[in-house]
Amino acid sequence: MVVYSFYIFDRHAECIYKKKWAPRPTSTGSKTQQANGLADGAPQPKALSAEDDAKLVFGTIFSLRNMVRKLGGEDDRFISYRTGQYKLHYYETPTSLKFVMVTDTKTNNLRIVLHQIYVSLYVEFVVKNPLSPIEHPGGIGVNCEMFELGVEQFVVCPS
């Protein structure tokens with residue numbers, strides 16, 4: 001399992017945690033380059049900033065979640081989607097925290113893993129930490145070393 005990135009969004013659509021491990025692969029096929037109007041020697045589009053990348057991920061999950069609810073009803077849930085280059089996994093808590101993990105396409109569903117990160121790491125090290133703010137206004141993120149170490153161990157050494 002290759003994990004490209006991990007995000008946590010609060011109920012106000014602010015990215016309160018983001019971590020990247022490996023860059024997402026880009027399509028190198030000539031069909032994609034021709035469709036974009038890029039020749040083989042043409043410069044590639046510049047990469048997004050971390051903030052813009054987080055906004056794009058949130059916009060994607062927001063749109064897909066709403067589409068799933070409108071097509072399938074309130075009881076249906078958006079869990080993941082896959083493209084040719086990556087798979088995005090999604091878990092939403094009862095308090096509207098959104099956990100998003102981007103992995104390679106061969107990875108199975110990680111909903112249980114995201115739930116375990118929420119219960120075992122986020123609740124234990126962020127929610128129960130008296131020094132951690134309850135709300136994260138203006139995008140002030142999660143700043144807890146134990147949480148970061150736990151996420152790193154969860155991703156690097158899954159068991």
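Two strands are said to pair if DSSP finds at least two bridges between them. The model considered here is a predicted one. In it, strand β1, which covers residues 3-9, is joined to β2 by five bridges, and the two run antiparallel. Within this pairing, Ile8 stands opposite Tyr17 of β2.

The pair belongs to an open sheet of five strands, arranged in the order β2-β1-β5-β4-β3 with antiparallel pairing. Strands β2 (15-20) and β3 (80-82) each have a single partner strand and stand at the edges, so one side of each is left without a neighbour in the sheet. On average, neighbouring strands of this sheet are turned by 10° against each other, direction ignored.

Helices accompany the sheet. Helix α2, made of residues 50-72, lies across β1, β2, β3, β4 (87-92) and β5 (98-103), and runs at about 75° to β1. Helix α3, residues 111-127, also packs on the sheet, where it touches β1, β2, β4 and β5. The direction of α3 makes about 50° with that of β4.

The protein chain as a whole contains four helices and five strands. Along the sequence, these elements follow the pattern β-β-α-α-β-β-β-α-α. Of the contacts in the protein chain with a separation of 6 or more, 50% are between residues 24 or more positions apart.

Finally, the interior and the surface may be considered. Of the 159 residues in the protein chain, 33% are buried. The chain exposes about 10000 Å², of which carbon and sulfur atoms supply 54%.

Conventions: Residues numbered from 1 in each chain as written. Predicted model: local features only at pLDDT ≥ 70, side-chain atom pairs only at ≥ 80, totals over all residues. Heavy atoms only, no water. Axes fitted to C-alpha atoms, helices over the stretch in contact; angles between N-to-C directions. Contact = heavy atoms within 4.5 Å. Buried < 20%, exposed > 50% of the residue type's maximum accessible area, 1.4 Å probe, protein only. Areas by Shrake-Rupley, 256 points an atom, 1.4 Å probe, with all protein chains shown as cover.
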